[in-house]
Each structure stands twice: as C-alpha cells, then as structure tokens.
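Subject: Structure handover

Hello,

Here is the structure I promised to pass on. Please open it first, then read my notes alongside it.

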Amino acid sequence: MTLDPEGTLDIDPLLDDPDTRIVVCCGSGGVGKTTTAAALGLRAAERGRKVVVLTIDPARRLAQSMGIDSLDNTPRRVKDIDPAGGGELHAMMLDMKRTFDEIVEAHADEERARAILSNPFYQSLSAGFAGTQEYMAMEKLGQLRARDEWDLIVVDTPPSRSALDFLDAPKRLGSFLDGKLIRVLMAPAKVGGRAGMKFLNAGMSMMTGALGKLLGGQLLRDVQTFVAAMDTMFGGFRTRADATYKLLQAPGTAFLVVAAPERDALREAAYFVERLAAERMPLAGLVLNRVHGSGAERLSAERALAAAENLDEHRIVDQADGKEQVRTDPATDPAPSPASGSPATAQTPSEPTVEELTAGLLRLHAERMHVVAREQHTRDRFTALHPEVAVTEVAALPGDVHDLSGLRDIGERLAAGGTPAGAS
C-alpha cells in the first residue's frame, strides 16, 4: 500500500477496491478487533459491496451490535443496512467442531464419515486439539473464498498474542500428522488387512504394549481406528491449508493490525507487523483504537495546573476572617429557642464557588492532556520503529458500541484517519 505524505491509512479506498477480497483484523486482546471488523464490514456493505464478517471470538458483541440473536457457522444476513449503496452484510461465528465435521462429510464416503464422526478420539481432537481452532479458521476462510459468493470477507482473529497462530496452523497440524506416532499407527492401514494386523502384532507389540499402559487399551484402539479411517484425508488437510496460506499472501488480502495507544498493546502490534513481514503477508496498516483528544489542546497541562493553583491561592487569600460560611435552611432548621432568643444554626457544606469549579475543570484538562501526550509519545515510538506502516486513529468513545448506529460511527472515525477535535 502506498502511504500518503503523512503516513495516514486510507480506509475507504481499501474497502472500495474490488481487488481487495479479504481483510484480516489481528492484534492482542481487548483492543477492539471485533468492533473494528464489524465496522469495516458495515461500511463496505453500505458502500456497495457484498460482505461477510467471520469472527472467531465467542463473545456476543458482534451479534448484538448487528441486531442478530446469535451467530453460528452459517452466514446470517444483517438487516437495516442502508439500501442506497446496494451492498449486503452477512455475519457468522466460527464453530470449530462443526467445520471439522463438514470437512469429514465432504471428503469421505458416508460409511467412513460415520465411523470418523463417532470415534471418541476424533470427537476429542475436533473439540480442542491444540491448533485446531486456528486450522479450522483457515478452512472456513478457504470455504468462503471458494464459494465466491461475497465481494469481501472480513476476518476477526482470536483475542491473544497467538492471534497469528492460524498462520502456523498448517505447519502444526502437518507436524502432528507427520509425527512418528501417527506414522506408526497408520502403518497397519497402509499395509492392509490381515497382513497389516500381523505386522502390528509382531513388529509393534512392545510399542503398543507401552502405549496401551499409558493411554489405555481402548483409547489406543480408538486412535488406531481413527487413523485408519482418516488416512485418505490427511493429505487433503495439508493441501487445503497450504492453498489458504497462499491466499493470505496474495495481493487481494489486506491485514490490519489493531492496537490501543498503550505501550504493551503497541509492543504487540510491532510483533504482528514484524511477523507479517517475515511471512510476506500484505499489511495494509495499523488501526490505533481509543485515542484520546481534547478540544482545547492549545492550553497545555502545565498552564492549566498553574491557573488552577492561582485560583486556589486567590480564594484562600479572599476568605473573610478565616471563618467558614454558615448557611441555614428555614425549611429544616429548628425555630429560635425561646430561652435564648437566638436561632439554632446547622452547618452545611457551602456550594462550590465559580473559582473552585474552574480550578477543578482545569485540573481535569491537565490530566487529559497528560494522557494525550503519553499516547502520542507511545505512537511516535512505534512509528519511529516502523515508519513504513500507515496509521489511522479512532477516537475513544464514552461507551461501548451496541448497535448499527454505533458501528457506523466507528466506520466514519476509521475513514477519517485521525482523532477529531473535541473527541473524548
């Protein structure tokens, strides 16, 4: 991507480009990736594209903000999209096990598929084997792209430093499938029939005996049955994963790293940037989320604090005889005592003066300016290390995003490329 003179990321040209077919949002947890992905999808749809947003985050925020009761493995169309643009928006959430089942059903005959799906080892593997979620995310992305039903696919990756683990998923699963244990267990299936079982019994009795003690005899038999049934499918896993990996490297894919303007988040962002470069993945830029600004940036924190102190000193000097002000309320104070003839008084805190309110506001402004300066310093450190990365900033919002209107607002801020004056 070509940077403009100020290194600002232009979101709308990226979304409008018909050659952009996949946008992947990655970053550490809690930086707003899910909201960013949904806002990008909505903006692209209302600018005329047919979009599907795939989230791997099990949180319900995406469904709720889009007015959908729940998301599952099937794309669901989002209603109330501005029809003027002529686009469509669909959303779905990865169901890891269901995606694995679909692969088995698509690439095995009915009898073999039934044997695999009912196998206890397969059920355990498909539900939580390390790397399975990331691999299935790649599978689902490949399926969506192969259907060629959508102009644009927006992917929301898992919320952790391992958000790029789906890049390693083919290698990890390949290492598992190529491991010595799996190859040994596959040997009887490759030999076939009684000869295979004879080979297993004669040549592997010591190993299977040890494994049987470690895993249990029934589990070992389940594993061997699973491997025999899956044997013809193993090559397909790697082939499809490699194809999706190449798809992620293709010019039609754009990665967006999402981060907050905080030291740890931008350190993670730098990790993602460097990792993407090492993997030759096309990086579009950095989305810096929840950036604070002020509508009175010309008033520095130092000047604001000095003015607040001057107001405090003036108020102290002007105190009348050092006495506290006393205020009575006729509605609540008791009547004058007949014995003394003097009214009873009740001391209450005095109302803050204009000077006190002004001093308080100046201190709040000084705190905000310190936050703004700290965030700018953190961003400057990142851009000094990675001047080639285009950046767009999204102003911090006073609350969470709960509906399409909020997502539109985020989309507009993404496209603006900076923090508007007066943003909170």
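Below is what I found, going from the whole chain to single residues.

**Overall**

Please keep in mind that this is a predicted model. The protein has 17 helices and 8 strands. It runs to 424 residues, and buried residues make up 45% of them. Take the contacts in the protein with a separation of 6 or more: 78% of them come from residues 24 or more positions apart.

**The sheet**

Now the pairings around β1. Strand β1 covers residues 22-26, and β5 covers residues 152-156. These two pair in the parallel sense over 4 bridges. Val23 has Val154 of β5 as its bridge partner. β1 also runs parallel to β6, and 5 bridges join the two. Here Val24 is partnered by Phe255 in β6.

**Strand β6**

β6 spans residues 253-259 and is mostly covered: 7 of its 7 residues are buried. Which residues point which way? Thr253, Phe255, Val257 and Ala259 point one way, while Ala254, Leu256 and Val258 point the other way. Both sets are buried.

β6 pairs with β7 too, in the parallel sense, over 5 bridges. In that pairing Phe255 stands opposite Leu283 of β7. Helix α14 (residues 263-278) belongs with these two strands: β6, α14 and β7 make a right-handed β-α-β unit.

**The cysteines**

How many disulfides does the structure hold? The count is 0. Cys25 and Cys26 show why. The cysteine sulfur closest to that of Cys25 is in Cys26, and the distance is 7.8 Å, too far for a bond. Seen from Cys26, the closest sulfur is that of Cys25, again at 7.8 Å and too far. A disulfide needs the two sulfur atoms within 2.5 Å. Cys25 is buried, at 0% relative accessible area. Cys26 also counts as buried, with 0% relative accessibility.

Start with α2, residues 33-46. Helix α2 is mostly covered, with 13 of its 14 residues buried. Just after α2 comes Gly48, which takes a positive phi of about 110 degrees.

Next is α4, residues 96-107, which holds Asp101. Is Asp101 buried or exposed? Asp101 is buried, with a relative accessible area of 10%. The cut-off for buried is under 20%, so Asp101 qualifies. Leave aside its neighbours within four places in sequence, and Asp101 is in contact with Leu117 and Tyr122.

Asp80 has a phi near 65 degrees, a positive value in a residue other than glycine. Where does Asp80 lie? It lies in the loop between β3 and β4 (88-93). Asp80 counts as exposed, at 65% relative accessibility.

Arg290 is another entry under this heading. Its phi is near 60 degrees, a positive value in a residue other than glycine. Arg290 is found in strand β7. With a relative accessible area of 41%, Arg290 is partly exposed.

Glu297 is partly exposed, with a relative accessible area of 47%. Glu297 and Arg368 are 71 residues apart along the chain. Their C-alpha atoms are separated by 9.6 Å.

**Where to start**

Then turn to Cys25 and check its distance of 7.8 Å to the sulfur of Cys26.

Best wishes

Terms used
Residues are numbered from 1 along each chain as its sequence is written. This is a predicted model: local features need pLDDT of at least 70, side-chain atom pairs count only at pLDDT 80 or more; totals for chains, interfaces and linings use all residues. Side-chain values use heavy atoms; hydrogens and water are left out. Buried means under 20% relative accessible area, exposed over 50%, partly exposed in between (1.4 Å probe, protein chains only). Two strands pair if DSSP finds at least two bridges between them. Contact means heavy atoms within 4.5 Å. A crossover is right-handed if, with the strands pointing away from the viewer, the path from the first strand over the helix to the second runs clockwise.
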